[in-house]
Amino acid sequence: MINKEEENQMKNLASEMKNHVLTGISYMIPLVIAGAVIMAISRVGGSIFGIVDIWDASHGESANTIIRLLHSLDGFGGIALGLMFPVISAFIAYSISDKLGIAPGLVGGMLVKDINAGFLGAIVSGLIAGYICLWIKNHIKLPKSMASVVPVFLVPVLGTLVTVLLVNYVIGTPFAAINVGLESWLNGLSGGNAVVMAAVVGAMVGFDLGGPVNKAAVTTAMALLTSNVYAPNTAAQVAIIIPPIGLGLATVFAKNKYNNELKEAGKSSIIMGLVGISEGAIPFAVENPLKVIPVNMIGSAIGSAMAVGLGAVNTAPISGFYGWFTVEKWPLYVLSIATGSLFIAICTSLLRSKDAGKETDATMEEFDEAAWEEQWEA
């Protein structure tokens, strides 16, 4: 049995970890906004020229200067989004162990990106790096003459080594196994009940927003296009855009429940959803995963099942608005997207605490003040 004191310690630890994650979010959000807007400019510009895959390498060799520029812009936006996982991991670690955690957190976040562990992996990477560096700082004592070796050499080397080993062999292996298993499972479902399959695909895509589960569903669905099997792709392309649009709308419906940073992220999230980038929903999923992830999965499953069930057919691997009108029965396709998005927006707004915006604002203000004082003393 857990006594009262242990229960309080667990609550305090959970609260501390939440604050560390919020710190990571505060640094990640500008990257999401920058990447989203730049990519949106590129993809909307491409649609003007009738191009729905401006990111394809072939457009980098186009004779049209504007098309080449738009292709480059999409890549620049991708660079910003690609930094999300390293940055959130590094600054979660920074929140825990100050500057000592930045190097291990960055390297761990880069590894998370490479092994497709998703934003949940990035959170775990940051927590691992931060607490390992804090443990080294507090428990490894050297003579005064060698004290400077700890922050300059021992913590970054040992902290990074332990972090990458745990991320690669503890986090990476299970995610890889899940990825392969889900691909096989999805291939089996594609020949059965189309609506059930669509709901499963939608839930998978909505789960980790660009992570391994999402990629397993999307990649398999796109691969099945070569066999003229379109229902999984229809489900996947609908589900890609429902969470960012839905969570962006939630910041409009319940604006008093979000801090200023998340309100700005909400605007960016809607744009990202419209152009087919599910990562716009990541700041919200990271901030409150236990509430947001299940709602994302259900909303995505509803939208995907509805689109396939009503007979919409998307024969191209395109989720952005510029491809909607090429979909067979596109009004029903758009209606399905709207239904799933509204479900997420309404449920998230209702589930969110009335004081959530004030709490996160207070956390950010406290952090910013501490950072300023540290810089001033330096």
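In this predicted model, helix 9 (residues 231-253) packs against helix 10 (residues 260-274) at an angle of about 145°, and their axes lie 7 Å apart. The crossing of helix 9 past helix 10 is left-handed. On the helix 9 side, the residues that meet helix 10 are Ile241, Pro244, Ile245, Gly248, Leu249 and Thr251. Their partners in helix 10 are Leu262, Lys263, Gly266, Ser269, Ile270, Gly273 and Leu274.

Now for the chain as a whole. The protein chain has 14 helices and zero strands. Of its 378 residues, 48% are buried. Among contacts between residues at least 6 apart in sequence, 76% join residues at least 24 apart. The chain exposes about 17,400 Å², with carbon and sulfur atoms supplying 66% of that area.

Part of the surface is a nonpolar patch formed by Leu142, Met146, Val149, Val152, Phe153 and Val157, which together have about 530 Å² of accessible area. Val152, one of these residues, sits in helix 6 (residues 149-189).

| Residue | Relative accessibility | Class |
|---|---|---|
| Val152 | 66% | exposed |
| Ala34 | 34% | partly exposed |

Ala34 belongs to helix 1 (residues 4-48). Ala34 and Gly78 are 44 residues apart in sequence, and their C-alpha atoms are 9.7 Å apart in space.

Definitions and conventions
Residues numbered from 1 in each chain as written. Predicted model: local features only at pLDDT ≥ 70, side-chain atom pairs only at ≥ 80, totals over all residues. Heavy atoms only, no water. Patch = residues over 30% accessible without salt bridge, like charges linked within 9 Å, V, L, I, M, F, W, Y side chains within 5 Å. Areas by Shrake-Rupley, 256 points an atom, 1.4 Å probe, with all protein chains shown as cover. Salt bridge = Lys/Arg side-chain N within 4 Å of Asp/Glu carboxyl O. Helix = DSSP H or I, 4+ residues; strand = E, 2+ residues; numbered from the N terminus. Buried < 20%, exposed > 50% of the residue type's maximum accessible area, 1.4 Å probe, protein only. Axes fitted to C-alpha atoms, helices over the stretch in contact; angles between N-to-C directions. Left-handed = near helix turned anticlockwise from the far one by under 90°. Contact = heavy atoms within 4.5 Å.
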